[in-house]
Amino acid sequence: MWIYEKKLEFPVHIKETNPKLAQLIISQYGGPDGEAGASFRYLSQRYSMKDRRVAGVLTDIGTEELAHLEIVGAMVHQLTRDLTPEEIEKSGFAPYYVDHTLGVWPQAAGGVPFNACEFQVKGDPITDLMEDLAAEQKARTVYDNLLRLISEPDIVEPLRFLRAREIVHFQRFGEALNITREGLDAKNFYAFNPSIDT
């Protein structure tokens, strides 16, 4: 199905633990605009895309979002590894610790667990691609917010990389929307075209 290279798409080498920052960054793991939801959204939407080129874009980006999930998970893990009970209590990380110890679990920064209701799959190409464009902008905004709050270079660099990829994904979804619009008929419905549907 895919060729998997066993290394992160962008290296993560965080030197010092910081559970307070982990509590913020984890939102891009399982929050409402995070990488888990993005991957599920795109890999699910691809099945109803009649144009195989657009389905390919969704497959490519959905797969890359899994790589981003790995990066964010590595960041959260490195920020919380080997914490002492005193550090956990002092940082406010104790409620998370009680439920998950130091495991990486999908939730928003506010503690709300990941929920598939946070994204849509409508089966309508235009609707789904508009959702995808908005999703990439929302994820970029979250990375912008994180970059406003965090200054440590070994944390900032992976965040900048992930933010840049959100912009590229937005551009690719714009191209996919243009391809899809070319297949619309006079009534603004997606027209079946055997040359692109096979």
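Me: Quick one: which residues does His 100 touch, not counting those up to four places away in sequence?
Reply: Trp 105 and Gln 107, once residues up to four places away in sequence are left out. Contact here means heavy atoms within 4.5 Å.

Me: What kind of model is this, and how are the residues numbered?
Reply: It's a predicted model, where local features need pLDDT of at least 70, side-chain atom pairs count only at pLDDT 80 or more, and totals for chains, interfaces and linings use all residues. Residues are numbered from 1 along each chain as its sequence is written, and side-chain values use heavy atoms, with hydrogens and water left out.

Me: Back to His 100. Buried or exposed?
Reply: His 100 counts as buried, because its relative accessibility is 19%. The cut-offs are under 20% relative accessible area for buried, over 50% for exposed, and partly exposed in between, with a 1.4 Å probe and protein chains only. His 100 lies in helix H6, residues 94-100.

Me: How many helices and strands are there in the chain?
Reply: Nine helices and zero strands. Both are DSSP runs numbered from the N terminus: H or I with at least four residues for helices, E with at least two for strands.

Me: What about overall dimensions and burial?
Reply: The C-alpha trace spans about 65 × 30 × 30 Å along its principal axes. Of the 198 residues in the chain, 43% are buried.

Me: And what share of the contacts join residues at least 24 apart?
Reply: 76%, counting contacts between residues at least 6 apart in sequence.

Me: Tell me about H4. How far does it reach?
Reply: H4 covers residues 52-80, which is 29 residues, and goes 42 Å from its first C-alpha to its last. That is close to the 42 Å expected at 1.5 Å a residue; the expected span is 1.5 Å times one less than the number of residues.

Me: How many of the H4 residues are buried?
Reply: 21 of the 29, so H4 is largely enclosed by the rest of the structure.

Me: Pick a residue at the end of it. What does Thr 80 touch?
Reply: Thr 80 touches Thr 17, Pro 19, Ala 22, Phe 93 and Leu 102, not counting residues up to four places away in sequence. Thr 80 is buried, at 1% relative accessible area. Its side chain also reaches the backbone oxygen of Val 76 at 2.9 Å.

Me: What happens just after H4?
Reply: Asp 82 takes a positive phi of about 60 degrees there.

Me: What volume does the largest cavity have, and which residues are closest to its centre?
Reply: Its volume is about 110 Å³, meaning the space filled by probe spheres set on the points, with grid points joined across faces, edges and corners. Of its 18 lining residues, Pro 32, Asp 33, Gly 34, Ala 38 and Arg 41 are the closest to the centre.

Me: How does the lining divide by residue type?
Reply: Seven nonpolar, three polar and eight charged. Nonpolar covers Ala, Val, Leu, Ile, Met, Phe, Trp, Tyr, Cys and Pro; charged covers Asp, Glu, Lys and Arg; the others, Gly among them, are polar.

Me: And how much space is in the largest pocket?
Reply: About 370 Å³. Twelve residues line the pocket, and Ile 3, Tyr 4, Glu 5, Thr 63 and Ala 67 are the closest to its centre. The lining divides into six nonpolar, one polar and five charged.

Me: Last one: which residues is Phe 170 in contact with?
Reply: Leu 133, Glu 136 and Gln 137, leaving aside neighbours within four places in sequence. Phe 170 is found in helix H8, residues 153-182, and is partly exposed at 31% relative accessible area.

Methods. 1 Å grid on protein atoms, 1.4 Å probe; cavity = no way out; pocket = protein on both sides within 12 Å on 5 of 7 lines; lining within 4 Å. Polar contact = N/O pair within 3.5 Å; in protein donor to acceptor, adjacent residues only side chain to side chain.
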